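Dear colleague,

I am passing on the structure we spoke about, and below it you will find an account of what turned up when I went through it. Please read the text with the coordinates open beside you.

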Amino acid sequence: MTGTEENRLTDQIRQRLDQQADALDELTVARLRAARLRALGQAKRPHHRWWPLLGSALAAALVVAILVWQQPVELPGALDDLDIVASGDDLDMIEDLEFYDWLDETQTAG
Amino acid sequence: MDRFLAGVERRALRMAELAVGNRDDALDLVQEAMLGLVKHYRHKREDEWGALFHHILQSRIRDWYRRSKVRYRVFGWLGHRADDEDTETDPIQSAADPAAIDPPRLVGNEAAMQQLEAALQALPLRQQQAFLLRCWEGLDVAETAYAMDCSEGSVKTHYSRALHKLREQLEDHWP
């Protein structure tokens, strides 16, 4: 097949196919249009879905932050022990507790 | 995007319909391709949308054939043709054609349409895809290869074979 013959055949085929596409019935055209609009609408939907989720998450975080901020802070008992441990002098005293007991008993006996 | 889809939707429907043989399934496939393009590629350059859209559509058509293959294996009542030397066992390549019409039996303008329809439907799927994408949709070889998910050499081979078969079937009956 020469290039000219090939072009003539493909031109004819293209022309027939265009005619067929242009002659689609109204129902099919409407279904295509609906499919297109659905596809375009679908693309916008995820953005809308994120906002309520993000808003809820931010609101929940804000409530938690306010509750924590307004709660009176109570130092746990362990912090008292921490103060003692942090003071080097007191720690020496604890380590020599037996000596101080002996000294106390000795002074009392004396 | 709306303008692009409106411009391509009719040809896409006809391509899908020629491939799968019924309009409802073809409409579903076109809608899936539209959804895929809008969802994943709407930010791409407009001149890339054609190849991307047809890449999705042709992929959906091949998926449709794979599902048909499963149905064929399970139920064994779907048609099967093996009219191409390299597509004897692949249902994607050798689409069933229950509505095939013998082209020489038809006359007149309407008959010419039916001849063309029958001749295109009789092509193995890959040849049909290559021919329609190149000849009708106007994609170049590289874009067609991307749309069909194959090499450019395969596109040329499929297109050449399709053209040869169409000429054989149509030349005696077309002016």
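To begin with a single residue in this predicted model, A:Trp102 is found in helix 5 of chain A, which covers residues 97-109. Together with A:Phe99 and A:Tyr100, A:Trp102 makes up a nonpolar patch on the surface, and the accessible area of these three residues comes to about 360 Å².

Turning to the interface, 30 residues of chain A are in contact with 34 residues of chain B, and the two chains bury about 3200 Å² between them, with 66% of that area on carbon and sulfur atoms. Between chain A and chain B there are 12 residue pairs in polar contact, counting pairs in which both residues are at pLDDT 80 or more. On the side of chain A that touches chain B, helix 1 (3-22) and helix 2 (26-70) of chain A each supply at least two residues, and the largest share, 14 residues, comes from helix 1 of chain A. Sorted by class, that side of chain A has 12 nonpolar, seven polar and 11 charged residues.

As for the charged pairs, a search of the whole structure finds 14 salt bridges over all chains, and the rule places four salt bridges across the interface of chain A and chain B. One salt bridge is formed by the side chains of A:Asp25 and B:Arg23, at 2.9 Å from N to O. Another salt bridge links B:Asp2 with A:Arg36, whose closest N and O atoms are 2.9 Å apart; because B:Asp2 lies in helix 1 (residues 2-20) of chain B and A:Arg36 in helix 2 of chain A, this pair joins two chains.

With best regards

Key:
Residues numbered from 1 in each chain as written. Chains lettered and ligands numbered in written order. Predicted model: local features only at pLDDT ≥ 70, side-chain atom pairs only at ≥ 80, totals over all residues. Heavy atoms only, no water. Contact = heavy atoms within 4.5 Å. Buried area = accessible area lost by both parts, 1.4 Å probe. Polar contact = N/O pair within 3.5 Å; in protein donor to acceptor, adjacent residues only side chain to side chain. Helix = DSSP H or I, 4+ residues; strand = E, 2+ residues; numbered from the N terminus. Nonpolar A, V, L, I, M, F, W, Y, C, P; charged D, E, K, R; others polar. Patch = residues over 30% accessible without salt bridge, like charges linked within 9 Å, V, L, I, M, F, W, Y side chains within 5 Å. Areas by Shrake-Rupley, 256 points an atom, 1.4 Å probe, with all protein chains shown as cover.
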